[in-house]
Every structure is written in structure tokens, then in C-alpha cells.
Amino acid sequence: MNASLESLPVTTRHSVSSAVVPANNTLVALATDITIREGILEIAGEQSLYHGGTLPTLRVAWRLVGPTSAPVVCALGGISAHRRVCLTEDPRQGWWSEIAGPDRPLDVNQFRILSFDYLGGSGDTTGPQGAEAFPSISSYDQADLLARLLDHLGVTALHAIAGGSYGGMVALAFGERYPERVGRLLIIGASDRAHPMSTAWRSVQRQIVRFAVDCGRAKEGLQLARSLAMSTYRSSEEFSARFNGPPVLDGDRFVFPVESYLFSRGGDYASRYRPESFLCLSESIDLHRVDAGRIFVPTSVVAVREDQLVPLADMRAMVARLPVARLHEISSIYGHDAFLKESEQLRRIFAVALEGVS
């Protein structure tokens, strides 16, 4: 394996501003020995993948943020997540800024937070480009990528992996394959296999994108698919509270409040994400299947009762199969997206899972 050393511009901060402004607009102290490193790991030679495909070479874009000597926690999110977890120049660019950061459940003052752009995704890691064929990607392939990244960074073992949605699937795959390289797993809204109803929804989304690609309207297809996906991420209780108003006549048709919301979110997503990457990683979710009985890493599992994509029954069944596991059940109007939003409910769970607080 050939690896380049931090070929992206590297930002190292030994004295960060003494305060940052989090979402609630209160000042929170930030440790002065925070370092922020970014890089690209280049891996030469043909790479074999879990489902039988190959890649001629591989590149992995990564980011590591936190005190220089702190234990490392890998933070992984949904298929549209990326390496910039928190402490970005624009707070809106950090995909987990509600959960990770100073005085957050995943506290950057206590841990170094590692993440990477997914293989097959829309970031700077190797992914599909245009109409060229790209192989199917497994959560095991993402786990292997993380193991190679740890070798590159000289990290013998992670303190933990905190993964929500697809990131939880990757964490489970890593725990099965590399139990000696991670101390504990924190899984939010992810199971050891995809539920068939969730696969049904995602299959329709992928077919919408494929049809649009064939028609030369890929971005519009991705907007439609993402709009449909948004209706599965949140709960019916939230939609009832937010979008129960009357429709508005726009020209010759009515536009419903929930319709405006969904297509606005879909359009925003389509403006920054590649359709081919959506197809690749959406499929990867549905291909995901690990052997929970072989994951001996201590695992904390967070199930959201209102989650439409990962039913509570599936989470309970997985915990029963895991050799060393603890289940936390929460309620949230955000449904599957609770892992992005519920900072207060997750705070105590993170403390128990990551710090061993009883």
C-alpha cells in the first residue's frame, strides 16, 4: 500500500479562538490545544471489494479534529454525510454540529473526532463520475477503508465509533471485522440489516433517479427522490404539527405546505450531491447485512420509537443477537433524523457509551 501524507491542505490550530457560538447562542469554552488536520490517503494498486467489484486505485479524504493527545472517536452519519463533522468555519457545513463540538454530547474538548468521505459518495473519496460504471459498495468496504486510514494515521485503536443511520451500519461492520481496533460502538438508528419496507421506499427512489438519468434530467430526478426520502426520515407527528395549513393556489394548481417543504429540501440536496453517488450509497444501505452474533465489541444502541426506516422491533431483535449490548429507546418527532437533532436526549447516552459513566 502506498500512502501520501496529508496531500490536502492541512490546517493545524494550536491556539483556537477561546469561544465559539453554538446553536443556542451561548458562549462555550474551547480547549486551546485543538488541532484540525485534513488529508487524502492515496492507495495504489487494484482494490477488491466485498460484492466482487474492483477499483484500479483508491483515495480517501479524511479529517481529524480535537486535542492532540485525546482518544479518537470516529463519527459517521448518513449517506450524505462527509468528513466535516464539526468546527467548520461556517457552522452550517458541519453535518453533526448539533451533536459534536464543544460541550456537545460528542465533546471535541475530550475526544479527537475522526471522519472521512464515504467510498462511492459525493465527496473527495473515490466515487462514481458521470456515466462510468461504478461497483457496488458494502458497509464492509467502508470498514476496510477506515482500518486503512487508521494505519495511515498511526492510530492503533479507536476509543469508539459513533454512527447514525448508514454510519451505524459501517460501525457494525467495523466491529465485526476489526474488534481489536475499537473499544465500543454507539449505534443510532441502524440495524444489522435493512428492513424490506425501507428497501421498498429506497428502491423507488433509485428508480426515479435512473429514469431521470435516462431522460437527461438527472438533477431533477434526484430532487424528486430526495423529496420522497424526506417523507420517510421524519415522523407523522412532526408533519401534522408543521404542515397542517391550507394549500396555496399557484397559477392553475394548489401547492400544499408539506409539498413546498419537501421539494425545497430536495432541490437543495440535488444542488450539492451527485445522482450517481446517491444510487451507489442508497443501494449500499439495502445490501447491508452483518452477523450481529459475531460483534463482540460492547455496543450501545439507540432506537427511536418514531423511526419509520429502522423499526423499533428490528432494533430490539438486533440487540438480542449482539453478545454485549445495551438498548436505549427514545421518542422524537424527528423520527429517523433524531440522531442529527436530539442533542439533549443523546447527551446522557453518549456519556454512558463513550465515557463509561454509570
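## Contact and model

Contact here means heavy atoms within 4.5 Å. The structure is a predicted model.

## The sheet

Eight strands make up an open sheet with mixed pairing. Their order is S3-S6-S10-S7-S11-S12-S15-S16. Strand S3 (34-43) and strand S16 (325-330) stand at the edges. Each has a single partner strand, so one side of each lacks a neighbour in the sheet. On average, neighbouring strands are turned by 15 degrees against each other, direction ignored.

Strand S7 (residues 72-76) pairs with strand S10 (residues 112-116). The pairing is parallel and runs over three bridges. Cys-74 has Leu-114 in S10 as its bridge partner.

## Helices on the sheet

Helix H1 (residues 139-153) packs on the sheet. H1 touches S3, strand S6 (58-67), S7, S10 and strand S11 (160-164). The direction of H1 makes about 130 degrees with that of S10.

Helix H2 (residues 166-177) lies across S7, S11 and strand S12 (185-188). H2 runs at about 145 degrees to S11.

## Nonpolar cores

The largest nonpolar core has 71 residues. Leu-158, Ile-161 and Phe-174 touch the most other members. H1 gives the most to this core, with eight residues.

What does Leu-158 contact, leaving aside its neighbours within four places in sequence? Its partners include Val-72, Cys-74 and Leu-114. Leu-146, Leu-150 and Phe-174 are also among them. Arg-181, Val-182 and Gly-183 complete the list.

A second core is separate and holds 32 residues. Val-73, Ala-75, Ala-162 and Ile-188 are among them.

Note on methods: Residues are numbered from 1 along each chain as its sequence is written. This is a predicted model: local features need pLDDT of at least 70, side-chain atom pairs count only at pLDDT 80 or more; totals for chains, interfaces and linings use all residues. Side-chain values use heavy atoms; hydrogens and water are left out. Two strands pair if DSSP finds at least two bridges between them. Helices (H or I, at least four residues) and strands (E, at least two) are DSSP runs, numbered from the N terminus. Axes are lines fitted to C-alpha atoms, for helices over the stretch in contact, and angles run from 0 to 180 degrees between N-to-C directions. A nonpolar core is a set of buried Ala, Val, Leu, Ile, Met, Phe, Trp, Tyr and Cys residues joined through side-chain atoms within 4.5 Å. Buried means under 20% relative accessible area, exposed over 50%, partly exposed in between (1.4 Å probe, protein chains only).
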